[in-house]
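Here are my notes on the model, as numbered points.

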Amino acid sequence: MTESESSTDVRILTAPTVYVLGRQTIDDAALTQFLNDHGVSWQSDSAIAAEVLTESAGRVCYMSFARPRPGGNAAYLGHIMEVGHGSVLEHAVWNLLITGVSRSLTHELVRHRAGMGYSQLSQRYVDESVAEYVEPAIIAADPELHAIWRDAVAHAHRSYVTLADKLHAKLADPGAAAAAMLPPDADRTTRRKTARQAARSVLPNATETKIFVTANARALRHFLEQRGSAFAEPEIRTLANVILNILQQESPNLFGDYQRVPLPDGTYEIQTAFKKV
Ligand SMILES: Cc1cc2nc3c(=O)[nH]c(=O)nc-3n(C[C@H](O)[C@H](O)[C@H](O)COP(=O)(O)OP(=O)(O)OC[C@H]3O[C@@H](n4cnc5c(N)ncnc54)[C@H](O)[C@@H]3O)c2cc1C
């Protein structure tokens, strides 16, 4: 996360942070038991659970454990991608916590439905009065544009805080019109939520958010290809590159085919010969 500026309560962010909160482990004893039960012996040359699990899943299809072709796990998964048997890649899963991204980014991210699960910061329940804002790089690079953007965000932020405070006060005042829109026995939490959910309507797309994403390798590959495209929006392309860097370390055999091609805006297009497996 990069904090380029702090003025009043407004913090400006320019880069996402991705935490890998979860990855798979393999139960070696259960795999050995299965192999023994079926009279075969097999050992993957990969030590990465996601790679061993996807290879195991693929080998179950033809029970091809006994006489594997040369090349080990890398060659096996490479062939799976080459022939487009993408469902095998659905058995590899990561849990990513993404912060320092804008609501406009997550609006695009959650369009990726198949193989992705999401839990996102609620603007109804969580106070945004210490909210952070994500500035597009093309605006941050120009002092004149940056000043216009910063003023607009600061203004929206102040309006949010004022609206939330006033709504909260009015919801506690039985004589106010707002209070009549809630049941008379509405508790403090309900009043707070009601105030925040209305006040957030003035928050900009740039508002920082946090999103927990659980995704399988096939869905992640589709995301990387679509959002790493030269036609994608730069903030989500940057995120795709951060995630690609992580995944290439997590699993070279599932993500090692991707190449990065520099673009004029400083981001990289993500390319592969094995598109949408
Ligand atoms: C550069 C760019 C510009 C975009 N511009 C716009 C825009 O202007 N407006 C807009 O609304 N969206 C836009 N999108 C979003 C885009 O249309 C997709 O919603 C998004 O990229 C997710 O892709 P997906 O549907 O393939 O992903 P997923 O929902 O994850 O689906 C993955 C794959 O599963 C299959 N699948 C999923 N659901 C179904 C289904 N119901 N029936 C059959 N097959 C299914 C398809 O093969 C699909 O490709 C844009 C995306 C990009 C990358």
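1. Which residues line the largest cavity? In this predicted model, the lining is made up of Leu96, Ile98, Leu109, Met116, Val213, Leu220, Phe223 and Ile243. Two elements, β4 (93-102) and α8 (217-227), each give two or more residues to that lining.

2. The largest cavity holds about 30 Å³ of space. With a cut-off of 30 Å³ or more, the count is one cavity.

3. Four strands form an open sheet in the order β3-β4-β7-β5, and the pairing is antiparallel. β3 (17-23) and β5 (116-120) are at the edges with a single partner strand each, so one side of each has no neighbour in the sheet. From one strand to the next, the twist averages 20 degrees.

4. For the pairing of β3 with β4, the sense is antiparallel and there are six bridges. Thr17 is placed opposite Thr99 in β4. As for the helix on this sheet, α8 packs there and touches β4, β5 and β7 (208-216). The direction of α8 makes about 130 degrees with that of β7.

5. Turning to the open spaces, the volume of the largest pocket is about 480 Å³. Its lining consists of 24 residues, and Glu135, Pro136, Ala137, Glu233 and Glu235 are the ones nearest the centre of the pocket. Two or more lining residues come from each of β4, α4 (103-109), α5 (137-140), α6 (143-171) and α9 (234-250). By class, the lining of the largest pocket has twelve nonpolar, seven polar and five charged residues.

6. How much space lies in the second largest pocket? The figure is about 380 Å³. This second largest pocket is lined by 17 residues, with Arg59, Ser64, Arg69, Tyr76 and His79 closest to its centre. The elements giving two or more residues to its lining are α2 (49-62) and α3 (72-83).

7. Which element gives the most to the lining of the second largest pocket? That is α3, with five residues. The lining of the second largest pocket divides into eight nonpolar, six polar and three charged residues.

8. One element deserves a second look when reading the points above. β4 gives two or more residues to the lining of the largest cavity and also two or more to the lining of the largest pocket. In the sheet order, β4 stands between β3 and β7.

Notes
Residues are numbered from 1 along each chain as its sequence is written. This is a predicted model: local features need pLDDT of at least 70, side-chain atom pairs count only at pLDDT 80 or more; totals for chains, interfaces and linings use all residues. Side-chain values use heavy atoms; hydrogens and water are left out. On a 1 Å grid over the protein atoms alone, a cavity is a set of points where a 1.4 Å probe fits but cannot get out, and a pocket is an open set with protein on both sides within 12 Å along at least five of seven lines; lining residues have an atom within 4 Å of a point. Grid points are joined across faces, edges and corners, and a volume is the space filled by probe spheres set on the points. Ala, Val, Leu, Ile, Met, Phe, Trp, Tyr, Cys and Pro count as nonpolar, Asp, Glu, Lys and Arg as charged, and the others, Gly among them, as polar. Two strands pair if DSSP finds at least two bridges between them. Axes are lines fitted to C-alpha atoms, for helices over the stretch in contact, and angles run from 0 to 180 degrees between N-to-C directions. Contact means heavy atoms within 4.5 Å.
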